[in-house]
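The following explanation is meant for a reader who meets this structure for the first time. Please keep the sequence and the model in view while reading.

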Amino acid sequence: MKTLIEGAPSFAYLNVELEPGESIIAESDAMVSMDSAITMKAEFNGGFFSGVLKSLFGGESLFVANYTNNTNQIKRITLVQNTPGDMREIELNNSSLILQPGAYIASSLGVKLEVRWAGFRSWIAKEGLFKLEASGKGCLWYGGYGGIIYREVRGSYLVDTSHLIAYEPHLKIKLQLAGGLFSSFFGGEGIVTRIEGDGKIALQTRSVSGLSTWINPMF
Amino acid sequence: MEVKIQHGPANAAAQISLAAGQSFTAEAGAMIAMSGDMGIETTTHKKGKGGIGRALKRMVSGESFFLNHFTAGNKGGEVWVSATLPGDIMVYDLKQGEELVIQGGSYLCSEPGIEIDLSWQGMKSLFSGESIFWIKATGQGKILLNSFGAIYPVEIDEPYTVDTGHIVAYPSALNFRITKAGGSWISSFLGGEGLVMEFTGVGQIWCQSHNQVSFGKSLTSTLRPRKG
């Protein structure tokens with residue numbers, strides 16, 4: 001499988017060349033265009049039970065799509081996320097990564113997708129009730145709204161809610177006020193996400209909830 | 001007329017330089033800036049011509065009712081045009097006898113030698129996620145198209161599938177039909193793709209990487225209903 005991210009950083013999209021017999025799993029509605037000979041099949045997102053949970057409470061899609069090249073020639077497919085922004089490829093080697101709702105774009109067959117309970121705290125932080133854990137061996141593609149920033153956390157780090165898109169599973173996520181009561185609510189930051197432990201995180205430079213608050217402000 | 005695309009692909013704008021007396025036609029609302037002595041004429045069709053019918057049809061296609069015709073003064077001048085959403089602009093050199101079908105909303109501006117008309121693509125357009133009418137460009141000259149996201153061309157010689165909402169333009173020598181993305185209808189809808197367009201024939205099509213409707217859906221679910 002040959003892949004290439006083009007259009008980055010503003011409008012990253014993923015071009016995939018599938019060899020005969022190869023498949024790629026993609027978020028539902030991620031397909032932009034493809035050779036018509038590629039077969040598409042819907043699968044449960046992280047198994048039936050977690051798929052249903054995720055769809056009911058997590059606002060995520062119940063299904064993911066499996067695209068397979070059943071011909072004997074190379075076939076092309078182009079995938080994209082809903083928001084304009086950048087995209088990253090990460091190689092999982094029996095490691096795992098937690099993705100926030102909306103960040104997942106595609107993965108190769110060796111990557112296992114599981115839905116985990118993220119808790120009400122995460123929901124208050126506008127990060128969703130559920131989180132997606134990708135593990136196993138293979139390639140994973142995820143994206144964000146705007147640019148993507150990597151940070152190596154040592155000890156603790158604060159992130160504005162809804163800007164976190166991916167983190168390593170051993171990191172702990174907590175909520176707290178950005179500053180004192182006054183600066184938290186009048187300084188425009190409100191509640192922030194506190195990340196504790198040692199590991200890598202990925203942030204997006206824009207957030208959809210930020211845009212919607214700008215379009216219809218609370219006050 | 002000379003065209004330079006600046007600040008692409010994210011925030012593309014077209015800088016159009018005109019010689020004395022030269023003119024071009026743009027979608028209403030596309031102009032950002034222009035020389036002080038540039039003449040503007042607003043009509044519903046070609047420069048100096050009207051016609052409510054065509055204008056109404058253009059409105060149905062997702063374009064504006066009026067077209068603006070810019071004409072440079074005797075020193076020549078420039079006009080900057082751009083689209084509403086962030087995205088790219090492409091220039092297409094239309095040759096005599098060629099016919100380009102453009103998704104309603106993707107048309108930005110064109111040289112006077114280009115004839116813009118509406119094209120009815122049949123009932124299938126109702127399901128394509130695009131407007132019922134498409135824009136048909138004939139004649140000779142430059143035509144500028146805009147997109148939400150990047151524009152990429154695809155050479156087609158066997159059936160090729162494009163998700164609805166992602167097509168920018170295609171030559172009329174190609175045909176499309178509305179079909180399902182997966183092996184079965186159930187799979188197509190469960191997989192989130194639903195209906196797609198399948199192009200057949202030999203030629204080049206242009207797709208946009210992003211889709212206003214998908215972005216809009218992610219956004220509107222986070223908006224609060226208006227009170228009162």
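The model is a predicted one.

One salt bridge is found across the interface of chain B and chain A. A salt bridge joins Glu158(B) to Lys75(A), with the closest N and O atoms 2.3 Å apart.

The aromatic residues come next. A pair of aromatic rings is described by the distance of the centres and the angle of the planes. Over all chains, the count comes to eleven aromatic pairs. One of them is formed by Tyr13(A) and Tyr152(B): the ring centres are 5.1 Å apart and the planes stand at 25°, so the pair is stacked, given that planes under 30 degrees apart count as stacked. Tyr13(A) belongs to strand E2 (residues 13-18) of chain A, whereas Tyr152(B) belongs to strand E14 (residues 151-156) of chain B, and the pair therefore joins two chains. Tyr13(A) counts as buried, at 5% relative accessibility, and Tyr152(B) is buried with a relative accessible area of 7%.

Another aromatic pair lies within chain B. Trp134(B) and Phe176(B) form a tilted pair, with 5.7 Å from centre to centre and 40° between the planes. Trp134(B) lies in strand E12 (residues 133-139) and Phe176(B) in strand E17 (residues 175-180), so the pair ties together parts of chain B that are 42 residues apart in sequence. Trp134(B) has 0% relative accessibility and counts as buried; Phe176(B) is buried as well, with a relative accessible area of 4%. Ring pairs also link Phe11(A), Tyr145(A), Phe148(B) and Phe215(B) into a cluster.

What surrounds Thr25(B), leaving aside residues up to four places away in sequence? Thr25(B) is found in strand E3 (residues 23-27) of chain B. With a relative accessible area of 13%, Thr25(B) is buried. Leaving aside those sequence neighbours, Thr25(B) touches Leu67(B), Asn68(B), His69(B), Tyr107(B), Cys109(B) and Ser110(B). With His69(B), the side chain of Thr25(B) makes a polar contact to the side chain at 2.9 Å.

Most residues other than glycine have a negative phi, and most peptide bonds are trans. In chain A, a cis peptide bond joins Ala8(A) and Pro9(A), with omega about 0°. Pro9(A) is located in the loop between strand E1 (2-6) and E2 of chain A. In chain B, the peptide bond from Gly8(B) to Pro9(B) is cis, and its omega is near -5°. Pro9(B) has its place in the loop between strand E1 (2-6) and strand E2 (13-18) of chain B.

His7(B) also lies in the loop between E1 and E2 of chain B. The phi of His7(B) is near 60°, a positive value in a residue other than glycine. His7(B) is exposed, with a relative accessible area of 61%. A positive phi, near 75°, is found for Asp29(A), likewise a residue other than glycine. Asp29(A) occupies the loop between strand E3 (23-27) and strand E4 (31-35) of chain A, and Asp29(A) is partly exposed, with a relative accessible area of 23%.

Terms used: Residues are numbered from 1 along each chain as its sequence is written. Chains are lettered from A and ligands numbered from 1 in the order in which they are written. This is a predicted model: local features need pLDDT of at least 70, side-chain atom pairs count only at pLDDT 80 or more; totals for chains, interfaces and linings use all residues. Side-chain values use heavy atoms; hydrogens and water are left out. Rings of Phe, Tyr and Trp (its six-membered ring) pair if their centres lie within 6.5 Å; planes under 30 degrees apart count as stacked, over 60 as edge-to-face and the rest as tilted. Helices (H or I, at least four residues) and strands (E, at least two) are DSSP runs, numbered from the N terminus. Buried means under 20% relative accessible area, exposed over 50%, partly exposed in between (1.4 Å probe, protein chains only). A salt bridge is a side-chain nitrogen of Lys or Arg within 4 Å of a carboxyl oxygen of Asp or Glu. A polar contact is a pair of N or O atoms within 3.5 Å; within protein, one must be able to donate a hydrogen and the other to accept it, and residues adjacent in sequence count only if both atoms are side-chain atoms. Contact means heavy atoms within 4.5 Å.
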